[in-house]
Amino acid sequence: MQSKILIVEDETILREIAKDYLIKEKYEVYEATDGEQALALFEEYLFDLIILDIMLPAVDGWSVCRRIRKMSNVPVILLTARSDEEDTLLGFELGTDDYVTKPFKPNILLARAKRLFKNSIRPSHQQDSIDLCGIYVDKLARTVVVEGTKIDFTHTEYEILVCLMEHKEQVLTRETLITHIWGYDYGGDDKTLTAHMRNVRLKLGEKGKHITTVIRTGYKFEVNQK
Ligand code: CA
């Protein structure tokens with residue numbers, strides 16, 4: 001089955017460049033030119049990926065993202081006008097998975113999209129679930145239950161948590177985590193991982209203490225954290 005991608009971008013040229021490129025790669029592409037249209041399509045179809053511009057007429061990208069995240073953990077790539085740190089950080093707080101700076105090269109956008117797809121369809125290895133310290137991960141359903149309460153993790157946050165839990169008591173360097181999640185040629189900066197890690201910890205609540213920071217190195221899931 002073809003993966004469905006929604007592109008939300010009001011600039012026709014950019015939208016068409018992205019669309020043509022993704023169609024060539026055999027994706028099924030839907031387009032929205034403003035936030036309202038995007039939300040209407042989102043309610044109608046089940047997308048595998050959403051590429052979302054921030055500056056949009058009617059309803060802006062931030063509001064679209066908030067609404068989407070209330071209902072779904074679909075991977076979201078943000079299109080930012082410039083490498084604006086504030087924008088990317090707010091994006092990660094709202095649960096976006098990645099960002100691409102405009103004007104973008106279509107092959108970069110495609111590479112980022114593929115990476116998110118690769119992660120989301122990765123077959124579960126060894127075990128179908130992880131049960132540690134009151135955190136239960138069902139890898140088939142991709143759900144996380146913390147002390148009996150189901151918590152919504154975005155695609156990227158989920159990947160980070162599972163990677164740490166599957167390698168409990170081992171230090172995972174920032175490079176290892178970035179490679180695992182985005183691929184070795186990831187062009188993003190270090191702050192991306194930091195922002196996602198912050199969200200993971202926040203969502204784990206008191207259980208967030210099990211993820212410890214190893215200064216200047218990386219992170220570790222420690223079972224025995226009092
Ligand atoms: Ca725009």
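This is a short tour of one chain, with a residue or region to select at each stop. The model is predicted.

**Stop 1: the calcium ion**

Start with the calcium ion. Three residues coordinate it: Asp-10 (OD), Asp-53 (OD) and Met-55 (O), at 2.1 to 2.3 Å. Along the sequence, the donors follow the spacing D-x42-D-x1-M. Asp-10 and Asp-53 link distant parts of the chain, 43 residues apart. Asp-10 sits in the loop between β1 (4–8) and α1 (12–24). Asp-53 belongs to strand β3 (residues 49–53).

Now colour by accessibility. Is Asp-53 buried or exposed? Asp-53 counts as buried, because its relative accessibility is 2% and the cut-off for buried is under 20%. Asp-10 is partly exposed, at 30% relative accessibility.

Salt bridges with shared partners join Glu-9, Glu-11, Asp-53 and Lys-102 into one network.

**Stop 2: the end of helix α1**

Select Lys-24, which is in helix α1. Lys-24 is exposed, with a relative accessible area of 63%. Then pick Gln-37 and draw a distance between the C-alpha atoms. Lys-24 and Gln-37 are 24 Å apart in space, and 13 residues apart in sequence.

**Stop 3: the two domains**

Zoom out and colour by domain. Domain 1 covers 4–119, and domain 2 covers 129–221. Their centres, taken over C-alpha atoms, are separated by 23 Å. How many residues does each domain give to the contact? Domain 1 gives 16 residues and domain 2 gives 23 residues.

Look at the interface itself. The two domains bury about 1,600 Å² between them. Of that area, 43% is on carbon and sulfur atoms. Select α4 (85–93), β5 (98–101) and α5 (106–120): these are the elements that give two or more residues to the side of domain 1 that touches domain 2.

Which kinds of polar pairing cross from domain 1 to domain 2? The interface has 4 residue pairs in polar contact (both at pLDDT 80 or more). The count of salt bridges between the domains is 0.

**Stop 4: Thr-156**

Go to helix α6 (residues 155–166) and pick Thr-156. Thr-156 is buried, at 0% relative accessibility. The side chain of Thr-156 makes a polar contact with the side chain of Asp-97, at 2.5 Å. Show the neighbours next. Leaving aside residues up to four places away in sequence, Thr-156 touches Asp-97, Leu-116, Ile-181, Trp-182 and His-196.

**Stop 5**

Side chains of opposite charge can pair when their charged atoms come close. The count for this model is 17 salt bridges.

Select Asp-98 and Arg-112. Their side chains meet in a salt bridge at 3.4 Å, N to O. Asp-98 is in strand β5 and Arg-112 is in helix α5, 14 residues apart. Asp-98 is buried, and so is Arg-112.

**Stop 6**

Select Lys-139 and Glu-166. These side chains form a salt bridge at 2.4 Å, N to O. Lys-139 is in the loop between β7 and β8 (143–146), while Glu-166 is in helix α6, 27 residues apart. Lys-139 counts as buried, at 11% relative accessibility. Glu-166 is partly exposed, at 24%.

Arg-142 lies in the loop between β7 and β8, and Glu-159 lies in helix α6, 17 residues apart. Which of them is buried, and which is partly exposed? Glu-159 is buried, with a relative accessible area of 1%. Arg-142 is partly exposed, at 28%.

**Stop 7: Asp-138**

Finish at Asp-138, in strand β7 (residues 135–138). Asp-138 is partly exposed, with a relative accessible area of 23%. Its side chain reaches the backbone nitrogen of Ala-141 at 3.0 Å. Not counting residues up to four places away in sequence, Asp-138 touches Asp-128, Ser-129, Thr-143 and Tyr-158.

The C-alpha atoms of Asp-138 and Asp-53 are separated by 32 Å, and the two residues are 85 apart along the chain.

How values were computed: Residues numbered from 1 in each chain as written. Predicted model: local features only at pLDDT ≥ 70, side-chain atom pairs only at ≥ 80, totals over all residues. Heavy atoms only, no water. Donors = N, O, S within 2.8 Å, 3.2 Å for Na, K, Ca; no water. Helix = DSSP H or I, 4+ residues; strand = E, 2+ residues; numbered from the N terminus. Buried < 20%, exposed > 50% of the residue type's maximum accessible area, 1.4 Å probe, protein only. Domains from an automatic or database assignment. Contact = heavy atoms within 4.5 Å. Buried area = accessible area lost by both parts, 1.4 Å probe. Salt bridge = Lys/Arg side-chain N within 4 Å of Asp/Glu carboxyl O. Polar contact = N/O pair within 3.5 Å; in protein donor to acceptor, adjacent residues only side chain to side chain.
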